[in-house]
Amino acid sequence: MSPLAPADVTVGGALAPLTRTVTQDQITAYAAAAGDPNPIHTDPDVARAFGFPAPIAHGMLTLAILTEAVAAWAGGYDRVASISVRFSRPLIAGDTITCTGRVADVDVAAGMAGLELEALSDRGDRVLTNGRASVRLVSRD
């Protein structure tokens, strides 16, 4: 990841879209790492009983993918000061998620930029909406 040049950040500028396919193996590994045994993430029968066509990804796994897109744009995870979203629709095992965003505001004096973000599944669902991130335009060193 290359550091972001503050002079190159302008309102309306777009983040490069980031696309990832979420697999059942990834969801199962995330469930184990997070200590979340909820079977809607790992058991197809339970997921169907709750109205989903297949197990669903954890919201925080989906948010982590969006954060990866912001960090790639900003030049590193240390540049992401904050991020928030609304979890709108679940991401289903096998879905491909595309994360996008644009620069909403720039505060040169504070060395910060505000981003508006969203994430769509290849099924056309907006899985993350009302996304906002604050990004440091200069290193914290």
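The backbone oxygen of Ile56 lies 2.7 Å from a polar atom of the His41 side chain. A polar contact is a pair of N or O atoms within 3.5 Å; within protein, one must be able to donate a hydrogen and the other to accept it, and residues adjacent in sequence count only if both atoms are side-chain atoms. The model is predicted: local features need pLDDT of at least 70, side-chain atom pairs count only at pLDDT 80 or more, and totals for chains, interfaces and linings use all residues. Residues are numbered from 1 along each chain as its sequence is written, and side-chain values use heavy atoms, with hydrogens and water left out.

His41 is found in the loop between α1 and α2 (44-49). Helices (H or I, at least four residues) and strands (E, at least two) are DSSP runs, numbered from the N terminus. The relative accessible area of His41 is 7%, so the residue is buried. Buried means under 20% relative accessible area, exposed over 50%, and partly exposed in between (1.4 Å probe, protein chains only). Contact means heavy atoms within 4.5 Å. Neighbours within four places in sequence aside, His41 is in contact with Gln24, Ile27, Asp36, Pro55, Ile56, Ala57 and His58.

The protein has three helices and five strands. From the N terminus on, the order is β-α-α-α-β-β-β-β. Along the principal axes, the C-alpha atoms fill a box of roughly 55 × 30 × 20 Å. Of the 141 residues, 39% are buried. Among contacts with a separation of 6 or more, 69% join residues 24 or more positions apart.

Charged side chains number 11 positive and 15 negative. The centres of the two sets lie 4 Å apart. Lys and Arg count as positive and Asp and Glu as negative, while His and the chain ends are not counted. The place of a charge is taken as NZ of Lys, CZ of Arg, CG of Asp or CD of Glu.

Helix α3 spans residues 59-74 and has 16 residues. From its first C-alpha to its last, α3 reaches 23 Å, close to the 22 Å expected at 1.5 Å a residue. The expected span is 1.5 Å times one less than the number of residues. The buried residues of α3 are Leu61, Thr62, Leu63, Ile65, Leu66, Thr67, Ala69, Val70, Ala71, Trp73 and Ala74. Their cover includes β1 (18-21), α1 (24-34), β2 (80-87), β3, β4 (112-121) and β5 (126-136). Gly75 follows α3 and has a positive phi, near 100°.

Thr96 lies in strand β3 (residues 96-107). Its relative accessible area is 17%, so Thr96 is buried. The side chains of Thr96 and Thr21 are joined by a polar contact of 2.7 Å. Not counting residues up to four places away in sequence, Thr96 touches Thr19, Arg20, Thr21, Leu120, Ser121 and Asp122. Gly94 sits in the loop between β2 and β3. Gly94 is partly exposed, at a relative accessible area of 47%. Gly94 and Pro37 are 57 residues apart along the chain, and their C-alpha atoms are separated by 20 Å.

Ala110 lies in the loop between β3 and β4. At 47% relative accessibility, Ala110 is partly exposed. The C-alpha atoms of Ala110 and Arg136 are separated by 8.6 Å, with the two residues 26 apart along the chain. Met112 belongs to strand β4. Met112 is also partly exposed, at 24% relative accessibility. Leaving aside neighbours within four places in sequence, Met112 is in contact with Ala81, Val106, Asp107, Ser134, Val135, Arg136 and Leu137. Met112 and Leu15 are 97 residues apart in sequence and 15 Å apart in space, C-alpha to C-alpha.

Asn130 is found in strand β5. Its phi is positive, about 50°, although Asn130 is not a glycine. Most residues other than glycine have a negative phi. Asn130 is exposed, with a relative accessible area of 56%.
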